[in-house]
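These are my notebook entries on how the chains of this model meet one another. I kept each entry to what I looked up and what I found.

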Number of protein chains: 4
Amino acid sequence: MDQVTIQYLGNKPRVKNPILIEGLPGVGNVGKLAVEHLIEMLKAKKFAEIYSKDFPPQVFINTDGTVKLVNNEFYYWKAKKKNQRDLLLLTGDYQGLSAQGQYELVETILDVIEDLGVKEMYTLGGYGLGHEIDKPAVLFAVTKKTMVNDIRKLGAVFRKNEPGGGIIGASGLLLGLGQLRGINGVCFMGETPGYLVDPKSAKAVLKILSKITNVTVDLSQLERKAKEIEAIAQQLHEIETQAKDRPDELRYIG
Amino acid sequence: MDQVTIQYLGNKPRVKNPILIEGLPGVGNVGKLAVEHLIEMLKAKKFAEIYSKDFPPQVFINTDGTVKLVNNEFYYWKAKKKNQRDLLLLTGDYQGLSAQGQYELVETILDVIEDLGVKEMYTLGGYGLGHEIDKPAVLFAVTKKTMVNDIRKLGAVFRKNEPGGGIIGASGLLLGLGQLRGINGVCFMGETPGYLVDPKSAKAVLKILSKITNVTVDLSQLERKAKEIEAIAQQLHEIETQAKDRPDELRYIG
Amino acid sequence: MDQVTIQYLGNKPRVKNPILIEGLPGVGNVGKLAVEHLIEMLKAKKFAEIYSKDFPPQVFINTDGTVKLVNNEFYYWKAKKKNQRDLLLLTGDYQGLSAQGQYELVETILDVIEDLGVKEMYTLGGYGLGHEIDKPAVLFAVTKKTMVNDIRKLGAVFRKNEPGGGIIGASGLLLGLGQLRGINGVCFMGETPGYLVDPKSAKAVLKILSKITNVTVDLSQLERKAKEIEAIAQQLHEIETQAKDRPDELRYIG
Amino acid sequence: MDQVTIQYLGNKPRVKNPILIEGLPGVGNVGKLAVEHLIEMLKAKKFAEIYSKDFPPQVFINTDGTVKLVNNEFYYWKAKKKNQRDLLLLTGDYQGLSAQGQYELVETILDVIEDLGVKEMYTLGGYGLGHEIDKPAVLFAVTKKTMVNDIRKLGAVFRKNEPGGGIIGASGLLLGLGQLRGINGVCFMGETPGYLVDPKSAKAVLKILSKITNVTVDLSQLERKAKEIEAIAQQLHEIETQAKDRPDELRYIG
């Protein structure tokens, strides 16, 4: 096994001028939720798995009792209409644990998609605000200046110096290292409190994305999940409020 | 010295269709206790040592004053009866310190056992509950769905989504990376509080395992150790209870 | 992509007997502020970028919405007068995250500058005092004993055993590893509280440096920045003082 | 520069059947103090330097203002009498920062000494007790059982299961990895509180060692240093005692 290993599950998929959509774990798991939803709704087909020595040394246990080595997975979906394009979808259990591992993972991803003819990619993630947000905006960043206006028109937001810390992890690195290879891309970041997984933010990101791909999927499942999460957040908030109402001295004397 | 070095102590052992039993340090040291007990009771013979640059840079001091570089060790045992099979036993001082080191160690282990004809392996570990347990169950996970029913019949337990975090370390990785090479295996996880080494849990695991190997060993030594540990746990519990009974303000004013 | 990658933006610059001036992020960001100021004032031209797998896996977002993979950057400036020499200027977003990464980055930098004929280098950094300083002195260290007197005459200060911890990071490593290759150099360290970025210290360093390079640039921009930082430091100091004036018991009982 | 680089300062030294004495930084700096003292007293000659990418990225500043890249250094000393043997002495600024780095450093050291004909080595270190000790004993461990009695007769002490954690770092690894190459050795560990550098413990170690090497050096300098350290320890102890005498409530209310 190499540092990073790509394992095709059969023949490479025959795709034409495909675009990549990436969503790996991250803030609010926004990107992962979004891409997993797409994969499920589109019944996309898995065609490759990526293993890395910089993923945790861990297997998950499937519901049927079998183990599954943690990995990243590539799926594809063939366009159904004339205004659509073939899609490659990437999601996974983890990003690399170290800087080194992240760079090597992304280089392997770029090798795979270049080989399959990708010239355009969309990376999805969350933008952690640290506070509740009612209507999450979707921020973005691009590899080429000329793309900014087109993306803005779709409803995504560009705010100077936001996120101030740039983009950390695969969503940013795919654009940054892709840029050096001449692959263009956009990173969409859904605003999110960042405390819990955030299906609401994932939904906001997918809405924007569908205007590019002309692929529309039912989002009601994400809405249901979002309501569940809101209920949990509400409960956590109540517990916290009660704790604050207890006067301080009680903690020492009572 | 390579990243991971395998050093045979003489000729490779002549084993026929052997099965691997692995128990390295981990939660409650369940796996290590179990395999060390087997090695001792069966008088299994050491045939190889594994060194890794990702083990701690450390030697232990033997009771005769000599040093011993920390390692992992392979033993073998030849079947005595018709319904038994040759055994390879693996235990050791440490697992790799980093993710990288864990993957490389397990790849080397798989190289060794493939070379010796292993097609089946049993990895032993603990499942940390974080609370006391009277009769530890033995959970399991497998590499192939068809194995689940057979293992269940032996008295091992399958609970959906348990352990929720999957299996971390060599016991999981052997199955996960073995799966990619077509080697089948089962991981047995004895329930354990996980605070102290747990010979009781190790005993529970060995009882299940003996139904597969048809190799029965005297377990009274593990029972004795289990009683010693229970006495220590009882003492720790009393100290803790006394501390809780002291009113809080005493810590600040008294 | 190699561990560390150097990417020229076109032809290598035609420079004659150039000297290197390095300022990467560090204590008070003294070195980085100084070299960035030089680059801006001299309108130096970027000729190469360095990427490393040991930089954080991160892109920054430019003000025009495009991403920029974090890197180090080389600039050059051609001498305008007879008593000046061509300059190579190095600054960047980060130093390597690990010891390993730092050594490899500096080795690559040395490869680049040796190739361009550098025989002399000046590395700029801060010397963190942990307290306010009115007039920051500029300490130094050299690769060759015979250089000490010349540098002292320029107004830089040599105090035995200071900094006691030596020099950590690229500024020190360039001299240390350069020494082994026969490249001479001086490290200038501006005294700084080290709490905030310190343009005042950067200015002090540049004043000394200009006596070597005979290149004088307008420093008023650094002075303006220094005043802004002083105002912020003053505010922080007031907040801290107020907190100290609140009697201790209030924190527990009030 | 390789991961670990050995750099000879001229020709390799002509030594005959030499023994290695190692003392790198560690608990109480016992080994380093001892070997540095030997080097100074014997006026041993430096013949090689070792650099490693796993040392901190740091230079020290010599008293003459020049920088010195952190390293390990080899010295040699030629026997003066018939009952003496040539000595190789190894000390340095650091041990490797990571497990990996420690293994690689020690492998390089073994390559060098094997090349120079070393068949016997003495590694020096401290055994941290965590409490004051009046007359530090010197514990030991060996590579071959037959050596135990001879070493015991010199006044070194062997206590079963001490140190319980074995030996961590170069002193242990040299024996452990040396053992695999057939090089024999003894590790001497001077008891030390372990809080401060401990010249008294270093002296105890050197006394034992001199019975093996038949090389006696003046130890009065170590005695002087030991008295200085004892004075500092005494001061620290008084400060601590005073702090304990202040009633607890004062910290909260007074």
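Entry 1: I began with the place where a strand of one chain lies beside a strand of another. In this predicted model, strand S10 of chain A, residues 167-168, pairs with S4(C) in the antiparallel sense, over 2 bridges. I then looked up one partner by name: Ile167(A) has Val59(C) of S4(C) as its bridge partner.

**Entry 2: extent of the contact between chains C and A.** I next asked how many residues of chain C are in contact with chain A. I found 25 residues of chain C in contact with 32 residues of chain A. About 2300 Å² is buried between chain C and chain A, and carbon and sulfur atoms give 62% of that area. On the side of chain C, the residues that lose the most area to chain A are Lys53(C), Pro57(C) and Ile61(C), together 27% of what that side buries.

**Entry 3: charged and polar pairs between chains C and A.** I counted 1 salt bridge between chain C and chain A. Lys53(C) forms a salt bridge with Glu104(A), and the closest N and O atoms are 3.8 Å apart. I also recorded 9 residue pairs in polar contact between chain C and chain A, with both residues at pLDDT 80 or more.

**Entry 4: what the side of chain C is made of.** S4(C) gives the most, with 4 residues. By residue type, the side of chain C that touches chain A divides into 14 nonpolar, 8 polar and 3 charged residues.

**Entry 5: the contact between chains A and B.** I turned to the other contact of chain A, which takes 26 residues from chain A and 33 residues from chain B. Chain A and chain B bury about 2300 Å² between them, 62% of it on carbon and sulfur atoms. I noted that Lys53(A), Pro57(A) and Ile61(A) supply 27% of the area that chain A buries against chain B, more than any other three residues.

**Entry 6: pairs and elements between chains A and B.** I again counted 1 salt bridge, here between chain A and chain B. The side chains of Lys53(A) and Glu104(B) meet in this way, at 3.7 Å from N to O. The count of residue pairs in polar contact between chain A and chain B is 9, both residues being at pLDDT 80 or more. Of the side of chain A that touches chain B, S4(A) provides the largest share, 4 residues. That side divides into 14 nonpolar, 8 polar and 4 charged residues. S4(A) also pairs with strand S10 of chain B, residues 167-168, in the antiparallel sense over 2 bridges. In that pairing, Gln58(A) stands opposite Ile168(B) in S10(B).

**Entry 7: how the copies are related.** Lastly, I asked what rotation superposes chain A on chain B. I found a rotation of 90° with 0.0 Å of shift along its axis, at an RMSD of 0.0 Å. The two copies are thus related as by a four-fold rotation axis. I also asked why the copies are said to meet through different surfaces. The reason is that only 4% of the interface residues of chain A are also interface residues in chain B.

Technical notes:
Residues numbered from 1 in each chain as written. Chains lettered and ligands numbered in written order. Predicted model: local features only at pLDDT ≥ 70, side-chain atom pairs only at ≥ 80, totals over all residues. Heavy atoms only, no water. Least-squares fit on C-alpha atoms with pLDDT ≥ 70 in both. Contact = heavy atoms within 4.5 Å. Buried area = accessible area lost by both parts, 1.4 Å probe. Salt bridge = Lys/Arg side-chain N within 4 Å of Asp/Glu carboxyl O. Polar contact = N/O pair within 3.5 Å; in protein donor to acceptor, adjacent residues only side chain to side chain. Nonpolar A, V, L, I, M, F, W, Y, C, P; charged D, E, K, R; others polar. Pairing = 2+ DSSP bridges.
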